[in-house]
Amino acid sequence: MNFWNDPLKVAADWLTGIFTGWGMPSVGANVLVAFLGVLMLITILMVIDIFLVWIERKVVARFQDRLGPNRVGPFGLIQPFADIIKLMIKEDTTPDGADKVVYNIAPLLSMMSVLILWAVVPLAPVMLGVDLNAGVLFIIAAGSIGTLSIIMAGWSSNNKFSVIGAFRQVAVMVSFEIPMLAVLLIPTIFSGSMGMNAIIQSQDIWFIFLSPLAALIFLIAAIAELGRAPFDLAEGESELVSGYNIEYSGMKFGMFYAGELLHAFTFGGFWAIMFFGGYRFFGLEKVSPFLAIVIILFKALLGYWVIMWVKYTVMRIRIDQMLAFNWKFLTPVAFVLVMVTALMNALLRGAPSWLFITGMLLSNVIVAWVSMEFVRSAARQEREKVEGLKQVAEAHH
Amino acid sequence: MNEWLYVGLFFIVGLIIPAGAIGAGWLFGPKKPNPIKQSTYECGIEPVGEGWVQFKAQYYIFALVFLVFDVETVFLFPWAVRLGQLGMFAVVEGIVFILILVAGLVYTWRKGMLEWA
Amino acid sequence: MIPLSWYLILAAGLFSIGLFGVLARRNAVAILLGVELMLNAVNINLVAFWRYGDISMMAGQVFAIIVFAVAAAEVAVGLALVISVYRRRSTVVAEDLDLLKW
Amino acid sequence: MTGEQVIFLIVGAVTLIAGLMVVTVRNLVHAALWLVATLFGVAIVYTLLNAGFLAVVQVVVYIGAIAILFIFAVMLTRRQAAETGASVNPNWLVGAVMSVLTFAGLVYLLQTWSGFSKQAAAIPSGFDAINQLGNALTSPTGYVLPFEVASVLLLAALVGAVYLAFNKK
């Protein structure tokens, strides 16, 4: 085993050797090495997070036909650091009547709920993070903590707008968790495991080809979970002046902001893991773990780019439309898809892989087409109703 | 060694690092509070009444429907894990389970509870 | 390693705290919070007996999962009752709901 | 004392203290947040018992859904932010005595049982709890009926709750 093939193990063995050399018990040394590893990963994530600010600003500038930050450093690369210094030297205000303890814990929990997601992300075949056998549900569990942090932030600020923003955001987040849970069943069914690594290992064919509809529903639910446009009504600048985090300033606001960006990037990563083969890319991941990390980060960035693309293209929708969209369309479709997939999976067991793919793809297309037909007929009825009302109104005149 | 120990480390470090960042902000930032700065922000208008408003019952309905669906969908995960090794019986069983679940959704829908009225 | 007794004592403690909440609190929502604590204490016991008994017998975990479902149902209906009462009588204090005493 | 025992003692103490706060704190939103802390402690206890799946489900169901429903209900059933009146009823002392007696009785009963301080057997290698659980929940000789009945129970709860709380008349 050399450094090129398994860098983490080599480094861990080396450090454990040093620590036990100092007379530390081997269990203690192992825990300390694990602690240092986690610390390193999270520090790297925070650095990535800083650059995500730059990427986000550059990309939105391109979408809006602007240049974006380009003054501080080459291509404005130093800009995010300037932003951080600004956030750091700002005054940290606490509004009167705020619930101090809850108010201060909320941004910590918000950031933590994003950082712990990386515990289950497999970066390379030899760097699995923690290969939990309940990995898929762990995403949802971390999301629950994020939801809680939003309620805490909104409630403790003693501000009407923040309470309304928080409750809107939470209603949306919990609603879209249902279709997300439902479509997460589909990779679980295909791979027969809830572990992230097992899901990646069983993707000889990327799951996007087996179930494109599931990938789409996951993306929509993820965007809602992130509270990004078109589902960013919690922030609703024009109505709620930024929503649940309105009273936060300085670094505490920075935590919410950085948490949101890292969350989007992380969900890009999960999208890649669930439906695009994670760190796998035509056997390139076997060459070196470093290459595998590059592959998964690239895929995560691609997913992040799609999320940004949606954000800066689609306009915000109203909360009633959004909840109706979730409960009356997305949830039924997701559950029908789960049932159809389970059935097809049982029927096509042992079939040659081309038949399996075609069957799955066809069932997806049929489910999508039938649900679109339902939407179309519902829309037609709605339109006729409106037309009828118009005619009645005209007859009155 | 329990794998959850590592997850626990993530929780701890995930709290320490943001706390450090916020602590740094607290250290470097000015601290000059005054009553106007500390009043709650309502677009420059004097805050009226209490911050903790009573809120719409509709939020509760969505949380209620969510609770029931959440619990049931979580139950489906062990089923989905085993599905590859099981026969048609298990598939039908799961479908019956989901159909019962969807019946609840249909009831709520027909009662008009999913409208944002 | 941890003996079974520790888990059982923890569960007993949590159960008693929940019982106190149910008996002593005035607010109906707080009473339901106490019931949640009691249900969790039961779940600790179930999972502990699964772990310390025959591990291939999944009954303990299955029961724990059923308890999750029961807890969810209890909260859904219980809080709905509280809200329904609140709408009619605009109180959530359990003692004030004494219509059946007369 | 092993590391696992230290973790258990810390987590257990925090869980019990948080539980006490749930039943004594005046502000109900705080009580709900303390409940979250208690439930999280219970989730850690599950991980110590090697029931990782249940720990995750605990967080998803209790913290992600039940605690949020509680906070929503508190927001919905309140006129003022400040709670009025005492938070405990006049019989609280009797309640306290009853619960202490319950605790003492339970511990007494348990410690007379021979399996009280049993040690856990090692988990056989290759044991996959989720797989076993799926098997138990789906095999005809296992717990199919409770599995389906749980779904009916939740359906009944949903219908009942929607009808009770929001019957428009």
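Visitor: What percentage of the 102 residues in chain C is buried?
Guide: This is a predicted model, in which local features need pLDDT of at least 70 and side-chain atom pairs count only at pLDDT 80 or more, while totals for chains, interfaces and linings use all residues. Residues are numbered from 1 along each chain as its sequence is written, and chains are lettered from A and ligands numbered from 1 in the order in which they are written. A residue is buried if 20 or more other C-beta atoms, placed from the backbone, lie within 10 Å of its own. By that criterion, the buried share of the 102 residues in chain C is 63%.

Visitor: What radius of gyration does chain C have?
Guide: The C-alpha trace of chain C spans about 55 × 25 × 20 Å along its principal axes. For 102 residues, a compact globule would have a radius of gyration near 13 Å, where the radius is taken over C-alpha atoms and the globule rule is 2.2 Å times the number of residues to the power 0.38. For chain C the value is 17 Å.

Visitor: Which helix gives the largest share of the side of domain 1 of chain A that touches domain 2 of chain A?
Guide: Domain 1 (1-87) and domain 2 (90-373) of chain A have bounds from an automatic or database domain assignment. Counting contacts as C-beta atoms, placed from the backbone, within 7 Å, 18 residues of domain 1 of chain A meet 17 residues of domain 2 of chain A. With helices being DSSP runs (H or I, at least four residues) numbered from the N terminus, the largest share of this side of domain 1, 10 residues, comes from H2(A).

Terms used: A residue is buried if 20 or more other C-beta atoms lie within 10 Å of its own, exposed if 12 or fewer, and partly exposed in between; C-beta atoms are placed from the backbone. Two residues are in contact if their C-beta atoms, placed from the backbone, lie within 7 Å. Helices (H or I, at least four residues) and strands (E, at least two) are DSSP runs, numbered from the N terminus.
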